[in-house]
Amino acid sequence: NSHGTHVAGIIAGSGIANSHYRGVAPGASLVGVKALRYNAKGRVSTLVAALDWIIQNKERYGINIVNLSLGTDENSNGQDSACLAVNKAVDYG
C-alpha cells in the first residue's frame, strides 16, 4: 500500500538522488515482513505470526529493530494477543 515503502525510505533512504531525502539510518539493512493485506487490513493472528517469524529469524537476518505502523479501534489491557506478541518480541531482543 506504499506506506511500508515510505517508512523504509525514512529509515534507510540513501539520499543518493537527493540529499534532502536521506534516511535517519542510511546504512541500515531492511527485512520486509508483510503482516497486512493489500488494503492495509488484517488479522491479529497474522501480526502474531509475523512477529513469531521475526523472532525465529532474528539471528539469521540480524534483526535488531521492529517497526510496526498499526492501529485499532479497540482498547487493550495489555493482555490481548497482539500486546503479548509484541512483548514476546521485546523479550527476545
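Before I name any residues, let me say what I mean by a nonpolar core: it is a set of buried Ala, Val, Leu, Ile, Met, Phe, Trp, Tyr and Cys residues that are joined through side-chain atoms within 4.5 Å, where buried means under 20% relative accessible area. Please also keep in mind that what you see is a predicted model.

With that in hand, which residues make up the largest nonpolar core? There are eight residues in all, namely Leu47, Leu51, Ile54, Ile55, Ile63, Ala82, Ala85 and Ala89. Two helices, α2 and α3, each supply at least two residues of this core, and the largest share, four residues, comes from α2. If we take Ile63 from that list and leave aside its neighbours within four places in sequence, we find Ile63 in contact with Val31, Trp53, Ile54, Asn57 and Lys58.

Is Leu68 buried, exposed or partly exposed? Its relative accessible area is 38%, and because that value lies between the 20% and 50% cut-offs, we call Leu68 partly exposed. Apart from neighbours within four places in sequence, Leu68 is in contact with Leu47 and Val86. Leu68 and Ala35 are 33 residues apart in sequence, while in space their C-alpha atoms are 9.5 Å apart.

The largest pocket has a volume of about 1,100 Å³, and of the 33 residues that line it, the closest to its centre are Gly4, Val31, Gly32, Val33 and Asn67. Helices α1, which runs 3-12, and α2, which runs 44-61, each supply at least two residues of that lining, and α1 gives the most, with six residues. Sorted by class, the lining of the largest pocket has 21 nonpolar, 11 polar and one charged residues.

The second largest pocket has a volume of about 530 Å³, and 19 residues line it, the closest to its centre being Val44, Leu47, Gly71, Thr72 and Ala82. Here α2 and α3, the latter spanning 81-91, each supply at least two residues of the lining, and the largest share, four residues, comes from α3. By class, this second lining has eight nonpolar, seven polar and four charged residues.

Definitions and conventions. Residues numbered from 1 in each chain as written. Predicted model: local features only at pLDDT ≥ 70, side-chain atom pairs only at ≥ 80, totals over all residues. Heavy atoms only, no water. 1 Å grid on protein atoms, 1.4 Å probe; cavity = no way out; pocket = protein on both sides within 12 Å on 5 of 7 lines; lining within 4 Å. Points joined across faces, edges and corners; volume = space filled by probe spheres on them. Nonpolar A, V, L, I, M, F, W, Y, C, P; charged D, E, K, R; others polar. Buried < 20%, exposed > 50% of the residue type's maximum accessible area, 1.4 Å probe, protein only. Contact = heavy atoms within 4.5 Å.
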